[in-house]
Amino acid sequence: MCGVVGTVGQTPVNQLIYDALLLLQHRGQDAAGIVTQDGRKFFMHKAKGMVRDVFRTRNMRALPGSIGLGQVRYPTAGSVSSEEEAQPFYVNAPFGIVMVHNGNLTNVRQLRRELFDTDHRHTNTESDSEVLLNVLAHEIARASSGAPLQDEDVFQAVREVHRRVKGSYAVVALISGFGLLAFRDPFGIRPLCMGRADDGAFMVASESVALEGTMFHLERDVAPGEAVIVRTDGSLRAAQCAEHGTLHPCMFEYVYLARPDSVMDGISVYQARLNMGETLAKRVVSTVPPNQIDAIIPVPESSRPSAMQLAQRLGIPYREGFVKNRYVGRTFIMPGQATRKKSVRQKLNAIASEFKGRRVLLVDDSIVRGTTSKEIVQMARDAGAAKVYLASAAPPVRHPNVYGIDMPTREELVAHGRTVEEIRQWIGVDALIYQDLEAMKQTVGAINAQIDGFEASCFDGKYVTGDISDESVAALNTGRDRGDGEEGDEDTSRLSLPNAQEG
Ligand SMILES: O=P(O)(O)OC[C@H]1O[C@H](OP(=O)(O)OP(=O)(O)O)[C@H](O)[C@@H]1O
Ligand SMILES: NC(=O)CC[C@H](N)C(=O)O
Ligand SMILES: [Mg+2]
């Protein structure tokens with residue numbers, strides 16, 4: 001996941017995009033970028049770092065115009081260290097196009113070959129987003145064939161993109177002298193929503209919180225496969241460009257990625273997390289009798305709604321036992337295992353009095369590499385807890401994600417090749433309770449009946465695009481630099497129990 005935003009109609013637009021990116025910062029902490037357009041000219045500033053660090057006053061002053069887009073990056077392709085792979089990306093032909101992308105392409109090798117062999121286009125980085133932009137640019141050139149660009153040409157180009165490109169993509173682009181284009185992959189894996197302000201200005205963004213926080217009103221989500229064009233005068237045209245669009249949003253957005261105050265594809269993220277707490281309660285009861293739990297303690301930040309609902313359902317006191325250092329970012333989306341591990345201790349600190357002599361149930365939204373769980377369980381023990389139980393509001397994460405979440409190899413997942421009992425031992429906890437996969441799908445899906453299903457491959461190993469094999473997963477990882485090279489780096493697989501088995 002990354003955060004993307006595009007907007008048309010307010011002058012100047014630079015501060016608005018900056019504000020929207022700040023509201024999307026939780027989706028990407030590695031790099032940030034903005035492009036604005038004034039007349040026919042694009043103005044761009046992008047760099048590695050958080051939004052606050054990337055944009056200084058002088059950079060903001062150099063972003064004029066009333067149309068623009070921006071991105072916060074969480075790398076899932078190419079390299080974490082490359083400044084060049086920060087977005088937006090730019091091509092000068094046809095017309096001049098800039099683009100931002102949230103998602104991950106799964107046939108990027110084939111596309112790279114086609115771009116070189118038959119489309120005769122050059123890509124200069126390892127980023128899949130640059131490949132996507134070049135496919136789009138090539139198809140716009142083909143569809144417009146020299147004549148002034150029409151809406152229908154752009155829709156035709158998006159149709160061709162859907163035909164050629166596999167994987168997940170929520171995209172916002174600016175076409176010079178034309179306007180803004182936004183589109184979403186035919187499964188709607190990554191989110192994208194849009195709305196207007198009272199003055200008629202338009203905004204499209206990854207999450208509704210970016211609209212609400214900048215005084216825009218959420219109107220609707222971009223439909224799977226749909227393309228939306230907003231011209232510089234604010235007029236809007238939309239068309240379905242996929243042969244068969246179905247709505248399969250990513251389940252992990254509701255578990256962890258999105259902010260709880262966002263509504264995505266008609267599902268309030270907060271409500272989804274409450275519901276997960278409700279179904280988790282059933283699992284807890286069948287493992288640890290509630291009268292043997294003195295307190296339920298969330299692992300800040302994302303697990304709070306689920307933990308709260310769980311506590312309410314079981315009638316057990318909900319207590320805050322960990323304080324989060326608000327100046328440390330989200331650990332899961334940091335590059336490199338060594339950094340993630342160190343950051344958990346910097347980020348969370350136990351309040352000893354909440355643990356001393358108590359039997360506590362810690363609740364997290366998910367256990368992925370186990371980095372957080374292992375640390376916080378130890379912290380609870382060090383603080384004097386009599387018993388430490390752990391519950392996860394999501395089921396075990398056992399499969400790689402290829403759609404824009406950086407968990408590309410099985411080996412790094414603590415639940416891969418281990419039974420729940422083996423994971424319990426590895427974490428060092430007295431009882432371990434996981435969410436039930438079907439119950440989770442059912443309880444989140446019940447919030448919006450329009451959902452066709454969820455992209456939940458990291459839990460169930462089923463990939464909605466259907467083109468994922470072990471070989472293609474391996475191919476996606478070749479040549480990737482994930483920032484794992486730091487000293488002291490530790491892979492959970494190397495700390496594994498001997499002869500761990502799939503459970
Ligand atoms: O098993 P792991 O590999 O440690 O990953 C899972 C943990 O990482 C996330 O927290 P994070 O610190 O990123 O952000 P949060 O403050 O939003 O919970 C998530 O909420 C879990 O706590
Ligand atoms: N998480 C994302 O959406 C990443 C976008 C793109 N694949 C990149 O690595 O830059
Ligand atoms: Mg967390």
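Two strands pair if DSSP finds at least two bridges between them. Keep that in mind for the views below, which show a predicted model.

**View 1. Seven strands line up in an open sheet.** Read across, the order goes β3, β2, β4, β1, β10, β9 and then β11, with antiparallel pairing. At the edges sit β3, residues 41–48, and β11, residues 216–221, and each of these pairs on one side only. Going from one strand to the next, the twist averages 15°. As a bit of background, strands of a sheet pair through backbone hydrogen bonds, in either a parallel or an antiparallel way.

**View 2. Zooming in on β9 and β10.** Here strand β9 (residues 193–197) meets strand β10 (residues 202–205), and the two run antiparallel. Four bridges join them.

**View 3. Where domain 1 and domain 2 touch.** The chain is split into domain 1, residues 3–246, and domain 2, made of 256–324 plus 334–495. Taken over C-alpha atoms, the two centres are 31 Å apart. Domain 1 brings 31 residues to the contact, and domain 2 brings 28. The most comes from β6, with three residues. What kinds of residues make up that side of domain 1? Eight are nonpolar, 15 are polar and eight are charged.

**View 4. Four strands in a parallel open sheet.** This time the order is β16, β19, β20, β21. The edge strands are β16 (295–298) and β21 (431–434), each pairing on one side only. Neighbouring strands here are turned by 25° against each other on average, ignoring direction.

**View 5. β16 and β19, with a helix packed on the sheet.** Four bridges join β16 to β19 (residues 359–364), and the two run parallel. Look for I297, which stands opposite L362 in β19. Helix α12, residues 371–382, packs on the sheet and touches both β19 and β20 (387–392). The direction of α12 makes about 160° with that of β19.

Notes: Residues are numbered from 1 along each chain as its sequence is written. Chains are lettered from A and ligands numbered from 1 in the order in which they are written. This is a predicted model: local features need pLDDT of at least 70, side-chain atom pairs count only at pLDDT 80 or more; totals for chains, interfaces and linings use all residues. Axes are lines fitted to C-alpha atoms, for helices over the stretch in contact, and angles run from 0 to 180 degrees between N-to-C directions. Domain bounds come from an automatic or database domain assignment. Two residues are in contact if their C-beta atoms, placed from the backbone, lie within 7 Å. Ala, Val, Leu, Ile, Met, Phe, Trp, Tyr, Cys and Pro count as nonpolar, Asp, Glu, Lys and Arg as charged, and the others, Gly among them, as polar.
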